[in-house]
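Take a look at the model below. Keep it in view while you read.

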Amino acid sequence: NNSIVELTNGLSGADIENILNEVSLLALRNNKTVDSIKMFEDIRDRIIIGTSVNERNLSKNVKRRIAIHECGHLLIGLMCNLHEKPTRVTIESSGKDSLGYTFFSRNENETGLYSKQYLREKIMTLLGGRAAEEICFDDEISTGAIDDLYRVVNLAKQMVVEHGMVNRPIFSFLSENKKEMIDKQIQKLIEECYQETKDLLTNNKNLLYWYSKQLQKRNTLNEKQILSTLRVGLMLYPSTDFKNQ
């Protein structure tokens, strides 16, 4: 039961019900009992990411890039004060659109009120994968961040247009001049967040490399393994950027 609780951390009640139903159907189809936590893990990834997790013939270089990318998300999430903490990271291929995935705990804020800093950390965590690739592969960026960047732009636009979370909020969006100002503020916000993200990962580059190697060895880390791996990593490569760990 504790393993299932840990595995479903961050999911809604409907998600959990769906997973339990699918696991039951899988067991019935195979004429067996639910006897392995891996059954839950496979179904969880299938529902959240899209397809079942099956090992592809990925080259070592591709696997290494995926691990670097996911550890970028992971470490920025761990360094942020307000962002939800990671509960699982995997580099096992899970569909044509995602070769890796980092899960974060569910946001328990029921008020719907979010601070500017929290939303900035959300953007930074999304940018962590791309920044990690840029740092570790000398600007040889892959297409792996396409979904991250799409979400970043939408979130930054909401902060500027809907919430006025900039130094000079714009309350009229009708003229072309105002649209140009909005675009500039969105761009500035993203650039600031990206630079901060890149600085943090650059300061912890050795830890990023080491952590990605641990992920390559195991393919998947759960919440306890993420934290225990971080503790070992910080003994090898001390850092003051992980204030809440």
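The report below goes from the whole chain to single residues.

**The chain**

This is a predicted model, in which local features need pLDDT of at least 70, side-chain atom pairs count only at pLDDT 80 or more, and totals for chains, interfaces and linings use all residues. Residues are numbered from 1 along each chain as its sequence is written, and side-chain values use heavy atoms, with hydrogens and water left out.

The chain has nine helices and three strands. Helices (H or I, at least four residues) and strands (E, at least two) are DSSP runs, numbered from the N terminus. Along the sequence, the pattern is α-α-α-α-β-β-α-α-α-α-β-α. Of the 245 residues in the chain, 41% are buried. Buried means under 20% relative accessible area, exposed means over 50%, and partly exposed lies in between (1.4 Å probe, protein chains only). Take the contacts between residues at least 6 apart in sequence: 71% of them join residues at least 24 apart. Contact means heavy atoms within 4.5 Å.

**Two packed helices**

Two packed helices are described by the angle between their axes and the distance between the axes. Helix α4 (residues 60-79) packs on helix α9 (residues 223-236) at an angle of about 80°, with the axes 12 Å apart. Axes are lines fitted to C-alpha atoms, for helices over the stretch in contact, and angles run from 0 to 180 degrees between N-to-C directions. α4 and α9 are therefore roughly perpendicular to each other. That term covers 65 to 115 degrees; under 35 is roughly parallel, over 145 roughly antiparallel, and the rest oblique.

Which residues of α4 and α9 make the contact? L74, L75 and L78 come from α4, and I226, L227 and L230 come from α9. By class, this contact has six nonpolar, no polar and no charged residues. Ala, Val, Leu, Ile, Met, Phe, Trp, Tyr, Cys and Pro count as nonpolar, Asp, Glu, Lys and Arg as charged, and the others, Gly among them, as polar.

**Aromatic rings**

A search of the whole structure finds three aromatic pairs. Rings of Phe, Tyr and Trp (its six-membered ring) pair if their centres lie within 6.5 Å; planes under 30 degrees apart count as stacked, over 60 as edge-to-face and the rest as tilted.

Y101 is partly exposed, at 29% relative accessibility, whereas F103 is buried at 4%. W210 is buried at 15%, and Y211 is buried at 0%.

R65 lies over the face of F137, at 4.1 Å from the ring centre. A charge sits over a ring if NZ of Lys or CZ of Arg is within 6 Å of the ring centre and within 35 degrees of the ring normal.

T125 sits in helix α5 (residues 116-136). Is T125 buried or exposed? T125 is buried, with a relative accessible area of 4%. Beyond its neighbours within four places in sequence, T125 is in contact with H73, I76, G77, C80, H83 and F104.

H83 is in the loop between α4 and β1 (86-90). H83 is buried, at 5% relative accessibility. Leaving aside neighbours within four places, the contacts of H83 include Y118, E121 and T125. H83 and L119 are 36 residues apart in sequence, and 8.3 Å apart in space, C-alpha to C-alpha.

N219 is in the loop between α8 (205-218) and β3 (220-222). Its phi is near 75°, a positive value in a residue other than glycine. N219 is buried, with a relative accessible area of 14%.
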